[in-house]
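Thanks for coming, everyone. Please bring the model up on your screens, and we will walk through it together.

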Amino acid sequence: MCGFEKIIGQTQPIRILTTLLQNGNVPHALTFIGNQGIGKHTVATMFAMLCNCVGNVDAKNTNQSDSKQAITIGSIHSAPQIPNSELIYNPCGVCKVCRKIKSGNHPDIILIKPSGQFIKIEQIRDLRLIITMKPYSAKLRVVIIDDAQTMNQAAANALLKVLEEPPDRTVFILIAKNKRDLLPTITSRCQPIRFHPISLQHIEAMLMTQKNVVPEKATVLAAMSYGSFSKALSLLENDWINRRDLLIRTIWPGTVNARSVQSSAMIMALAARFARDKDNITEILDGIKSWLRDLLIYRYCPEKMINYDLIDKIHYMSEQITVGTLLEKLEAVQTAERKIRANANLRLTLDSLFMQLTR
Ligand SMILES: [Zn+2]
């Protein structure tokens with residue numbers, strides 16, 4: 001992929017970034033704030049390409065070598081610089097610099113991401129060492145810190161020291177879901193760029209055109225994606241709709257009043273199966289919440305439902321279950337989420353949750 005126009009739904013942040021570059025006034029540090037899977041990392045990489053591309057720049061400036069293309073780095077409060085009208089506003093994507101950045105092999109485009117659960121102080125110490133030296137070849141060195149909220153206290157304080165005395169020709173991009181998850185002393189030194197969830201219609205259309213998903217399925221996956229195309233893709237790849245159907249068939253067969261021994265055994269078997277699928281547990285719990293939520297809102301605003309393809313079953317069940325009971329079940333899911341976050345035994349937590357849901 002090359003060209004910002006291929007990034008869906010993020011016109012505003014892209015416009016801000018290209019304008020900063022156009023004005024020769026890129027701040028030392030930026031925060032990219034927004035939900036996961038909506039293009040923040042891709043935009044950061046493209047921005048690094050745009051700042052350093054030598055493809056179209058050479059073509060446009062035959063009398064000028066690219067080394068003369070100055071990019072002024074300023075503080076977030078510095079006065080605007082004289083616009084450099086020669087700069088291009090889409091990377092070419094094919095020059096050697098663009099290709100190196102795209103493949104993650106450019107020595108001056110540095111990516112920091114959690115090592116295990118956290119970004120550790122050793123990683124920031126290594127970074128500090130690297131940035132004491134001049135960039136190898138880049139016009140602008142770009143340090144991208146993914147999941148910046150996972151920096152532990154020591155790492156965050158070490159980064160703060162860097163941001164207090166930022167090196168030349170270097171821009172830091174801190175990517176996080178919420179600004180409040182970062183130290184205020186860090187965010188006050190960064191210009192925030194907010195990314196918005198992608199519209200559900202866009203995601204639905206992309207699933208249909210790019211992945212040949214049938215419309216009914218695309219609507220459900222888009223609604224479950226919370227504005228993140230990568231989340232929608234992960235749901236598709238994990239065969240979410242079939243797993244959701246199995247979950248609902250097992251926990252809420254819909255017609256049985258008293259549970260038989262066999263159905264309890266089936267529920268336990270399902271809990272065991274999902275407990276083995278540890279990586280996707282958030283998806284499963286989100287799916288249960290979406291189902292309970294649909295049962296709650298069906299009577300009031302059915303157009304906001306997620307599992308729209310199961311409307312007949314939702315209609316039937318919403319008449320069998322009271323609002324109070326639904327709220328209790330939602331509370332049970334939230335309790336299970338808290339226990340799982342606190343590293344409780346997954347199998348036992350799901351056993352207990354599924355039994356509460358069937359009551
Ligand atoms: Zn290029």
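**Salt bridges, a strand and a metal site**

The structure holds 11 salt bridges. Keep in mind that this is a predicted model. In general, side chains of opposite charge can pair when their charged atoms come close.

Start with Arg243 and Glu283. These two form a salt bridge, with 2.4 Å between the closest N and O atoms. Where do Arg243 and Glu283 sit in the chain? Arg243 is in helix α11, residues 240-251, and Glu283 is in helix α13, residues 281-297. The two are 40 residues apart, so the pair links distant parts of the chain.

Is Arg243 buried or exposed? Its relative accessibility is 11%, so Arg243 counts as buried. The cut-off for buried is under 20%. Glu283 has 5% relative accessibility, so Glu283 counts as buried too.

Stay on helix α13. Lys289 and Asp286 both lie there, 3 residues apart, about one turn of the helix. Their side chains meet in a salt bridge, at 3.8 Å from N to O. Asp286 counts as buried because its relative accessibility is 15%. Lys289 counts as partly exposed because its value is 23%.

Lys289 has another partner. Glu337 forms a salt bridge with Lys289, and here the closest N and O atoms are 2.7 Å apart. Glu337 lies in helix α15, residues 323-341, and Lys289 in helix α13, so this pair ties together parts that are 48 residues apart in sequence. At 16% relative accessibility, Glu337 counts as buried.

Now put these together. Which residues are linked in the network of salt bridges? They are Lys231, Asp286, Lys289 and Glu337.

Which strands pair with β2? One is β6, residues 170-176, in the parallel sense over 5 bridges. Within β6, Ile173 is the bridge partner of Leu30. Another is β7, residues 191-194, also in the parallel sense, over 4 bridges. In β7, Pro192 stands opposite Thr31.

On to the metal. Which protein atoms are the donors of the zinc ion? They are the SG atoms of Cys53, Cys92, Cys95 and Cys98, lying 2.3 Å from the zinc ion. The angles among the 4 donor atoms run from 101 to 119 degrees, and the site is tetrahedral. Along the chain, the donors follow the spacing C-x38-C-x2-C-x2-C.

Look at Cys53 and Cys92. Cys53 is in the loop between α2 (40-52) and α3 (55-60), while Cys92 is in the loop between β3 (73-74) and α4 (96-102), so the pair ties together parts that are 39 residues apart in sequence. Both Cys53 and Cys92 are buried.

Last stop, the surface. Leu129, Ile130 and Met133 make a nonpolar surface patch of about 300 Å². Met133 lies in the loop between α5 (121-132) and β5 (141-145). Why does Met133 count as partly exposed? Because its relative accessibility is 49%, and exposed would need over 50%.

Conventions. Residues are numbered from 1 along each chain as its sequence is written. This is a predicted model: local features need pLDDT of at least 70, side-chain atom pairs count only at pLDDT 80 or more; totals for chains, interfaces and linings use all residues. Side-chain values use heavy atoms; hydrogens and water are left out. Donors are N, O and S atoms within 2.8 Å of the metal (3.2 Å for Na, K and Ca); water is not among the atoms, so sites may look incomplete. Four donors count as tetrahedral if all angles lie between 85 and 135 degrees; four count as square planar and six as octahedral if opposite donors are over 155 degrees apart and all others between 65 and 115; anything else is irregular. Buried means under 20% relative accessible area, exposed over 50%, partly exposed in between (1.4 Å probe, protein chains only). Patches are made of residues with over 30% relative accessible area and no salt bridge: like charges are joined within 9 Å, nonpolar side chains (Val, Leu, Ile, Met, Phe, Trp, Tyr) within 5 Å. Accessible areas come from the Shrake-Rupley method with a 1.4 Å probe; for residues, only the protein chains shown count as cover. A salt bridge is a side-chain nitrogen of Lys or Arg within 4 Å of a carboxyl oxygen of Asp or Glu. Two strands pair if DSSP finds at least two bridges between them.
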